[in-house]
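Student: I would like a close look at one part of this model, the ligand site. Please take me through it in one go.

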Amino acid sequence: MKLFENYSLKNLNTFHIDVKAEKFIEIESSAELLDFVKNYDMNSKNILVLGGGSNILFTKDFDGTILHLTFKDHQEISENDESVILEADAGMNWDDLVKYSVEKNLGGIENLAMIPGAVGAAPIQNIGAYGQELKDSLFEVEYLDLSEQKFKTLSNEQCKFGYRDSIFKKMLKKNFIITKVLFRLKKNPELILNYGNVLSELKKEGISNPTIKDVSNIVRKIRTEKLPDPNQIGNAGSFFKNPFVDEETFQKIKNEFPDVPYFKQDGKIKIPAAWLIEKSGLKGFRKENVGTYPNQPLVIVNYGKATGKEILDFAMFIRQTVKNKFNIVLEHEVIII
Ligand code: EPU
């Protein structure tokens with residue numbers, strides 16, 4: 001365990017906001033974590049577990065203790081004819097796990113390439129991209145129950161996954177720290193090619209019978225062209241969730257914009273927030289240090305020295321403008337602290 005005081009978080013959040021944590025503690029194993037939880041008054045101060053900092057906006061210095069898990073092993077623990085169970089520590093970089101599974105020709109998370117962040121954070125919001133979601137290959141989650149000070153396991157079903165949602169956002173709120181995630185990866189998966197331009201990009205490359213690696217590489221190519229690299233321009237991916245709307249709201253929009261894009265999910269209608277922002281005239285819109293990314297306006301970017309407060313004000317302006325235009329309230333996906 002390593003303890004730092006008054007610790008800069010600038011390189012630990014992908015918006016690159018220059019804030020400090022009162023205390024910052026690196027935890028190097030699950031045993032060390034349990035020891036820490038047993039000996040520290042967990043109610044005394046704000047406690048936050050920070051993974052890759054890729055889905056968080058700090059609006060001020062953090063008055064409390066940040067825990068950063070640095071254990072990052074992974075191993076295949078069993079297999080049968082169809083699949084392999086792969087276990088990964090919470091502190092492992094998500095994309096390193098994707099690269100490993102693709103190299104091993106194991107399918108299930110190849111479309112989730114290049115998502116920034118840590119493995120332990122992935123189940124909380126059920127990360128998803130290009131037609132795949134974490135829940136499609138997650139087997140189990142191991143977490144530390146903070147009040148009982150015991151490690152527990154949840155099955156896929158018990159995690160109650162939904163669109164950018166899980167039990168970790170609701171019932172278990174704040175009373176857990178994820179320590180391990182287990183995946184069931186397939187030896188002969190059905191590849192998911194029907195999202196956006198995945199198939200047409202494969203064709204462009206002359207690939208008609210793609211492998212797991214081909215699909216993953218195409219996703220990497222699409223993301224590189226469309227999304228800003230957080231190491232170059234601060235951002236936290238999609239700032240808002242894509243909203244679900246009722247039939248009446250949808251019909252109203254369709255009357256004005258017959259070509260409104262939409263997806264049906266769980267019997268509900270989802271409209272891309274990027275489209276709503278674009279139609280509100282805010283694609284590529286910029287106010288001083290903050291803007292919507294020109295290629296994908298759902299991503300809010302820090303062009304330089306923006307403070308968290310500036311980014312939050314900008315996001316609220318986007319939300320209000322979309323509300324005025326469509327009477328739809330965008331919910332933020334990013335955690336705001
Ligand atoms: N669109 C526009 N204008 C634009 C861009 C997009 O109108 O400038 C519309 C188009 O109709 C397009 C639709 O929005 O078909 C969807 O766009 P895109 O495929 O880029 O995906 P998204 O719905 O905006 C979601 C995830 C992303 C993920 C992509 C790809 C959410 C909140 N975001 O974005 O995840 O990479 O799909 O699967 O669900 C993230 O969560 O941080 C993230 C980047």
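Student: How far is an oxygen atom of the ligand from an N or O atom in the side chain of Y195?

Tutor: The distance is 2.8 Å, between a ligand oxygen and an N or O atom of the Y195 side chain. Keep in mind that this is a predicted model.

Two further polar pairs belong in the picture. At Y130 the backbone is involved: one of its polar atoms sits 2.6 Å from an oxygen atom of the ligand. At E278 the side chain is involved: a polar atom there lies 2.6 Å from a ligand nitrogen. Taken alone, the ligand exposes 820 Å², and the protein buries 82% of that.

Now the shell. Several elements each give two or more residues to it: β8 (128-129), α4 (212-226), β13 (234-238), α6 (273-279) and β19 (296-302). There are 24 residues around the ligand. Those that come nearest are Y130, Y163, E278, K283 and Q296. By residue class, the shell holds 11 nonpolar, 6 polar and 7 charged residues. By domain, at least three shell residues come from domain 2 (74-186), and at least three from domain 3 (234-336).

Is Y130 buried or exposed? Its relative accessible area is 9%, and the cut-off for buried is under 20%, so Y130 counts as buried. Y130 is also one of the residues that come nearest to the ligand, and its backbone supplies the 2.6 Å pair described above.

The chain is divided into domain 1 (2-69), domain 2 (74-186) and domain 3 (234-336). The centres of domain 1 and domain 3, taken over C-alpha atoms, are 30 Å apart. These two domains are in contact: 10 residues of domain 1 meet 16 residues of domain 3.

Methods. Residues are numbered from 1 along each chain as its sequence is written. This is a predicted model: local features need pLDDT of at least 70, side-chain atom pairs count only at pLDDT 80 or more; totals for chains, interfaces and linings use all residues. Side-chain values use heavy atoms; hydrogens and water are left out. A residue is near a molecule or strand if one of its heavy atoms lies within 4 Å of it. A polar contact is a pair of N or O atoms within 3.5 Å; within protein, one must be able to donate a hydrogen and the other to accept it, and residues adjacent in sequence count only if both atoms are side-chain atoms. Accessible areas come from the Shrake-Rupley method with a 1.4 Å probe; for residues, only the protein chains shown count as cover. Helices (H or I, at least four residues) and strands (E, at least two) are DSSP runs, numbered from the N terminus. Ala, Val, Leu, Ile, Met, Phe, Trp, Tyr, Cys and Pro count as nonpolar, Asp, Glu, Lys and Arg as charged, and the others, Gly among them, as polar. Domain bounds come from an automatic or database domain assignment. Buried means under 20% relative accessible area, exposed over 50%, partly exposed in between (1.4 Å probe, protein chains only). Contact means heavy atoms within 4.5 Å.
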